[in-house]
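Here's a walk through a model, one region at a time. Keep the viewer open as you read.

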Amino acid sequence: MNTDTIIKTAADLISKAKSILFITGAGISADSGLPTYRGLGGLYDGKLTDEGYSIEEALSSDVMSIRPDITWKYLWQIGSHCIKAEPNSAHLIISKIQEIKPDTWVLTQNIDSLHKKAGNKNLIEIHGDAFELSCTKCRSAFDALVLFPESGKMPQLPPKCAKCGGMIRPNVVLFGEMLPEKAIKLYYRVLESRPELIISIGTSGMFPYITGPIQEARKAGQRIIEINPCFSSITDIVDIYIPMPAAKAMKAVWEELTLNTKS
Ligand SMILES: [Zn+2]
């Protein structure tokens, strides 16, 4: 299939689907200027931190419990990258699709809050949100702008609660931690409802909680689209593979969709 046919077929699948599940990974944030890190750690691809840890160790629950200053240093670096980023066309077009297809869900592996900033609804942030901060003792919410000021200055880390002095932490899944139960339950409920169309955008597809359900969906006859400039572990089993960056692909699909509704 040439690119035009691929885009037309994808738009056709979207316009016919009554229910859609988007599954997004780091690739959708690449067009917002964020590096396509693998999970939390890819900013540091393979390099050891100043403290001699791998980034996965530095961002683990084990190190957080003994040296929270180290874990926080890297959480803060990632957060200060993400807080300046704005959602791109791919995030915004998901919102537009949700206006015409209310039964559209979004499962994201990203912690950068860009789906929220774009106004996406029915959002499941399976790895949490780097800017949802609270006290580990008294659970009080903590303002992200205090931690990531416009000056870009790194504050005293780990941040402490003004009310009780407890340590603040972001609502993200560190290495060695379980995925949040509430998010997982909701995700499985959406999967059980058998969305007619699954659209994977910029996800490496390496996580079993993503590849498993996509293989199941394939067997059940649900349609699958993948948008990804690189092949992933699910590329072989999707109906439509769009080998493009997220924003470019979603813009092309949206143009085709609106063309169809006008004619
Ligand atoms: Zn507190």
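## The zinc site

Which residues are the protein donors of the zinc ion? They are Cys-135 (SG), Cys-138 (SG), Cys-161 (SG) and Cys-164 (SG), and they lie 2.3 to 2.4 Å from the ion. A donor here is an N, O or S atom within 2.8 Å of the metal (3.2 Å for Na, K and Ca), and since water is not among the atoms, sites may look incomplete. Bear in mind that this is a predicted model: local features need pLDDT of at least 70, side-chain atom pairs count only at pLDDT 80 or more, and totals for chains, interfaces and linings use all residues. Residues are numbered from 1 along each chain as its sequence is written, and side-chain values use heavy atoms, with hydrogens and water left out.

The four donor atoms subtend angles of 97 to 114 degrees around the zinc ion, which makes the arrangement tetrahedral (four donors get that label if all angles lie between 85 and 135 degrees). Along the sequence, the donor residues follow the spacing C-x2-C-x22-C-x2-C. Cys-135 sits in strand β4, while Cys-164 is in the loop between α8 (144–147) and β6, so this pair ties together parts that are 29 residues apart in sequence. Helices (H or I, at least four residues) and strands (E, at least two) are DSSP runs, numbered from the N terminus.

How covered are these two cysteines? Cys-135 is buried, at a relative accessible area of 0%, whereas Cys-164 is partly exposed at 35%. Buried means under 20% relative accessible area, exposed means over 50%, and partly exposed is in between (1.4 Å probe, protein chains only).

## The three-stranded sheet

Strand β4 also belongs to an open sheet of three strands, in the order β5-β4-β6 with antiparallel pairing (strands pair if DSSP finds at least two bridges between them). β5 (141–142) and β6 are the edge strands with a single partner each, so one side of each has no neighbour in the sheet.

β4 (residues 128–135) and β6 pair over five bridges. Across that pairing, Ser-134 stands opposite Arg-169 and Leu-133 stands opposite Pro-170. β6 (residues 168–172) is mostly covered, with four of its five residues buried. Helix α5 lies across β4 and β6, running at about 60 degrees to β6. Contact means heavy atoms within 4.5 Å; axes are lines fitted to C-alpha atoms, for helices over the stretch in contact, and angles run from 0 to 180 degrees between N-to-C directions.

Leu-75 touches Leu-59, Met-64, Pro-170, Val-172 and Leu-174, leaving aside residues up to four places away in sequence.

## The six-stranded sheet

Another open sheet has six strands with parallel pairing, in the order β3-β2-β1-β7-β8-β9. Its edges are β3 (123–125) and β9 (240–242), each with a single partner strand, so one side of each is left without a neighbour in the sheet. Neighbouring strands are turned by 15 degrees against each other on average, direction ignored.

β8 (residues 223–227) and β9 pair over three bridges, and Glu-226 stands opposite Tyr-241 in β9. Helix α10 (residues 208–219) lies across β1 (20–24), β2 (104–108), β7 (197–201) and β8, at about 140 degrees to β8.

Most residues other than glycine have a negative phi, and most peptide bonds are trans. A cis peptide bond joins Leu-157 and Pro-158, with omega at about -5 degrees; Pro-158 is in the loop between α8 and β6.

Ser-113, not a glycine, has a positive phi of about 70 degrees. Ser-113 is found in the loop between β2 and α7 (114–117) and counts as buried at 10% relative accessibility. Arg-139 has a positive phi of about 70 degrees too, in the loop between β4 and β5, but Arg-139 is exposed, with a relative accessible area of 63%.

How values were computed
Tetrahedral: all angles 85-135°; square planar, octahedral: opposite > 155°, others 65-115°.
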